Amino acid sequence: MPAKIVVGVQWGDEGKGKIIDILASRADVVVRSQGGNNAGHTVESNGETYKLHLVPSGILYPNTTCLIGCGVVIDPQDILREIDGLIQRGIDCNNLKIDPRAHVIMPWHRKLDGLSEAALGGKQIGTTGRGIGPCYMDKAERSGIRMYDLVHESIFREKAAAVGALKNKIITQIYGGEALDVDTIIEEYVGYAKRLAPYLADVSVLTYEAVKQDKEILFEGAQGTLLDLDVGTYPYVTSSHPLSAGCCIGSGVGPTVIDEVIGVAKAYTTRVGAGPFPTELFDEMGDMIRNRGNEFGTTTGRPRRTGWFDAVILRHAVRANGLTALAINKFDTLSGIETLKVCVAYKKPDGTIFTEYPCDIQELEDCTPVYEEVPGFSGDLSKCKTYDELPQECKDYIAYLEKVCGCPIKMVGVGPSRDQNLER
Ligand code: IMP
């Protein structure tokens, strides 16, 4: 360590939760910096499964400080539900702190998320419906409600009444939807504020103090590189910055504090929601990977689209995140497949081959993957306890992936539990 960032390098759902959980067990501080309850981390610990959305994974360790930075958007009802659920299972949440600058997701954000998606007809983004985009829109427009406002009742009442009235006009007059009862919402949220107030603290200061004390800090990314608002597959992206740089902005510390950036990928590719996906499989192989890999969303339960490993995406992620290492999960899912395909470039309709990820989805939609075929591997990888125990063909495949991605693979996932991660 001391300061490591873990980011997803595909379209999210790469199994960051497990890697974060392993690294969190060695960290003093875990920081979440962007996104909201659109994220879903599944962590298996001591035979129990935890599905976390907003609370950093480090919460399972009693001595780890868990910070939610200014770049995160908070749904008060949801975070309280998560905190209550953890407390009921014996997990102490007193080490959880939320930055007062973080923005609050209000019911009108969820409502507008649904209405704007419906208005897009066949061109929907396929959002999680959690109000993430509309909340970040208000933040950028400078009309949002922050956690600071929420816990200061008179400020909150005034802001929420004004913003709520405006949102109702948009809901009814632009989208033809049903108005929300703003007064009831305000009373409900004043109640949440009372319960959340004790968790507020300046995360920028806490993180910087931890840096100065040479503490082990882990920044846990949410979503993935291709869902980044700028370098992702716009407009089929989320409204925040899942890139490593987003961790700095969203926690309020500068990039010079970061020592390592670890990118998490799967040994194949998945995606939820709409948008181009060149290596997508529509055949039995795609179904097999989905079922064997249990590729169904943690947050929405939606079946994930599945496809072959795409090294063009990985190289894009290595560059955009400044990755120092890769952790690749789910090699066990591919066991028994005779020949594996890896996309190493894209081909344009005119036959031109290109090796960098396109800037625009139109180009991405038009291109077809250029595959290299690699021998597969077999055997029950999930039982391997060390890297050396892996079948030689699997090690060869890993060496091949390192070469085509241009980044060392330091962790190899062979199952969902913490001990099914082979470190090199
Ligand atoms: P939003 O973040 O709910 O606005 O959704 C925008 C896009 O990001 C949609 O395609 C979602 O499916 C996708 N998305 C958001 N969060 C996650 C995640 O944690 N994993 C995978 N996809 C996500």
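This is a predicted model: local features need pLDDT of at least 70, side-chain atom pairs count only at pLDDT 80 or more; totals for chains, interfaces and linings use all residues.

Entry 1, strands. I looked up β5 and found that it pairs in the parallel sense with strand β7 (residues 96-98) over three bridges. Two strands count as paired if DSSP finds at least two bridges between them. The strands are DSSP runs (E, at least two residues), numbered from the N terminus. In this pair, Cys66 stands opposite Leu96 of β7.

I then looked up strand β2 (residues 29-32), which runs parallel to strand β5 (residues 65-68) and is joined to it by four bridges. Arg32 stands opposite Ile68 in β5.

Residues are numbered from 1 along each chain as its sequence is written, and side-chain values use heavy atoms, with hydrogens and water left out.

I found 15 residues around the ligand, and the closest include Asp13 and Arg302; a residue counts if one of its heavy atoms lies within 4 Å. By class, this shell has six nonpolar, seven polar (Gly counts here) and two charged residues.

Next I looked up polar contacts (pairs of N or O atoms within 3.5 Å). A polar side-chain atom of Thr128 is 2.6 Å from a ligand oxygen. For the side chain of Asn38, the distance from an N or O atom to a ligand oxygen is 2.9 Å. A ligand nitrogen lies 3.3 Å from an N or O atom in the side chain of Gln223.

Definitions and conventions: A polar contact is a pair of N or O atoms within 3.5 Å; within protein, one must be able to donate a hydrogen and the other to accept it, and residues adjacent in sequence count only if both atoms are side-chain atoms.
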